[in-house]
Amino acid sequence: MSIESTVDLAIKQNLEQFLIVLSVSLSVATVSRIFSWVRKIPYTLLLVIVGLVLAFIDIRLVNLSPELILEIFLPPLLFEAAWNVRWRDLKENWFPITLFAIFGVIISVVGVAFALNQFTALSLMTALLVGASLSTTDPVSVVALFREVGAGKQLSVLMEGESLFNDGVAVVIFVLLVEIVQGTQDFSVETTLARFFTFAGIGVGMGCLVGFGISYLTQRLDLPLVEQSLTLVSAYGTYLITEELGGSGVIGVVTVGLILGNFGSRVGMNPRTRLLVSEFWEFLAFFVNSIVFLLIGDRIKISSLSDNLDLIFVAIAAVIVTRSIAIYGLASLSNWMANTKITLREQTVLWWAGLRGSVSIALALSVPATLIERQEIIETVFGVVLFTLLFQGLTTKFLLEKLELIGDRPLRQQYSELLARRVALKRVLDYLAKLDNSPGVDPELYRQEKELIKGQLETVEENIQKLQTQYAQLRSLDMEQLREQLLEIEADTYAEFIRAGRLNANIPPLLQEIWAKGQER
């Protein structure tokens, strides 16, 4: 067989495997929306379960390489999460997020490593690699659950913010540990700290450079598809370039996502383009998550896990204990120092909902093959990830209900939809009023259409009144939406001045300061 034929055959096999993975993952997505009893299981957890079933009957979809996850799957997941996080929400909770993302990771790495080294036969350096792999949190399914049941906004912001930044910290620590294990880097506190800040600094610097550069381009373009493509290029380009320069690609992608989501999309994109780009990244994140979580289940070997149950049980216990120390301890510190008011119930949910996922798997699989205990690291991490996704993930909703943290988000969504329908129907009536004396419009047809719309508007008004009577707290939603709209108008005005060259830089919103001073009084 010629070399060309061999290459063509390999390409065909890889393409077929990819299409199978895509078909299975999207089929699971469809089934999870059709049957109500399936909808009770978070979508990402359902994918892991399907992957486990396929692995159990020895149907392997594709070989999961760490490079594939780190270089193809990780950038869009991180970028989409950063794009949708509002800077003002991060700014309000920056202190606890910083504590969780930095000191929480350190507590997790040290605690897990200490437990494994003391209670199992793993060496200290190997235990540290396991701890670094398991120090990243993956809140995809948890945040989706928070939104579904209407959990508090602060919970979602803390979970997303911690996950965004602890990924970067954990990956940097992991890379440094690998270099020490391989002997390419000597361990010393000064050298390790210098390397850490170099990794992080290059990542932040490259993220800022690309983020503000793309923002500058979008200010001078009004081509939605081009601007959408630029965001995709910025995510992958930042990751690859930063890694080539010796920095943290994860931190670079998070930085560029935050800049484009909070600055570039405001000053350089019109509202329609911004919506188009957001929908594109929402689908891309759904698509990537579908494949990643399915492959996590597909790669787990039940027989291999059973051979390392002692390591897995110790690691699970260590992860749960260190997570409790980090959350309860650091949240209490944040409440004391920054008056953040994270309640004990919220702390309990943050502790239990600290799931591990695709990043932990990718780090474990990227351990050098020359390390003798590599397989133990992989099996231990896989076992812990499986436990957190299936056990903690499936019981988080029950915990929210028991702690009475289920909010009124579905009700507020229903109320918001009614408000939107009222505005839309009134605009339709205004348009019909302009057609009243227009030639060519059948008066009888015009009257019928107007009466139908008026009747529907009255029904909407009645439903709004009923909800306001039954749930007095909904009246505050009108003010919240008004303030959001006012902030949008203020931001769009500054963006218009920047595009016209009448303002050189974005300026902080004034309305927020006015409202904050009003509350202080």
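Which residues have the most contacts inside the largest nonpolar core?

**Entry 1: basis.** I worked from a predicted model, in which local features need pLDDT of at least 70 and side-chain atom pairs count only at pLDDT 80 or more, while totals for chains, interfaces and linings use all residues. Residues are numbered from 1 along each chain as its sequence is written, and side-chain values use heavy atoms, with hydrogens and water left out.

**Entry 2: cores.** I looked up the largest nonpolar core and found 99 residues in it, with Phe79, Leu116, Val130, Val349, Leu350 and Ile377 having the most contacts inside it. A core here is a set of buried Ala, Val, Leu, Ile, Met, Phe, Trp, Tyr and Cys residues joined through side-chain atoms within 4.5 Å; buried means under 20% relative accessible area, exposed over 50%, and partly exposed in between (1.4 Å probe, protein chains only). Apart from this core I noted another of 13 residues, including Leu411, Tyr415, Ile453 and Ile464.

I then listed the neighbours of Phe79, leaving out residues up to four places away in sequence: Thr231, Ser234, Ala235, Val253, Val256, Gly257, Leu260 and Trp281. Contact means heavy atoms within 4.5 Å.

**Entry 3: helices 17 and 18.** Helices (H or I, at least four residues) are DSSP runs numbered from the N terminus. I found that the axes of helix 17 (residues 358–365) and helix 18 (residues 374–402) come within 9 Å and cross at roughly 170°. The two are therefore roughly antiparallel, a term for angles over 145 degrees. Axes are lines fitted to C-alpha atoms over the stretch in contact, with angles from 0 to 180 degrees between N-to-C directions.

On the helix 17 side I recorded Ser360, Ile361, Ala364 and Leu365, which meet Arg374, Ile377, Ile378, Val381, Phe382 and Val385 in helix 18. By class, this contact has eight nonpolar, one polar and one charged residues. Eight of the eight residues of helix 17 are buried.

**Entry 4: helices 7 and 9.** I found the axes of helix 7 (residues 124–133) and helix 9 (residues 153–182) within 9 Å, crossing at roughly 160°. Helix 7 is thus roughly antiparallel to helix 9. Their contact involves Met125, Leu128, Leu129, Ala132 and Ser133 of helix 7, with Ile173, Phe174 and Leu177 among the residues of helix 9. By class, I noted eleven nonpolar, one polar and no charged residues.

**Entry 5: positive phi.** I checked the loop between helix 15 (309–338) and helix 16 (344–352), where Asn339 lies. Asn339 has a positive phi of about 55° although it is not a glycine, and is exposed at 53% relative accessible area. Lys341 lies in the loop between helix 15 and helix 16; its phi is positive, about 60°, and its relative accessibility is 59%, which counts as exposed.

Definitions and conventions
Angles under 35 degrees count as roughly parallel, over 145 as roughly antiparallel, 65 to 115 as roughly perpendicular and the rest as oblique. Ala, Val, Leu, Ile, Met, Phe, Trp, Tyr, Cys and Pro count as nonpolar, Asp, Glu, Lys and Arg as charged, and the others, Gly among them, as polar.
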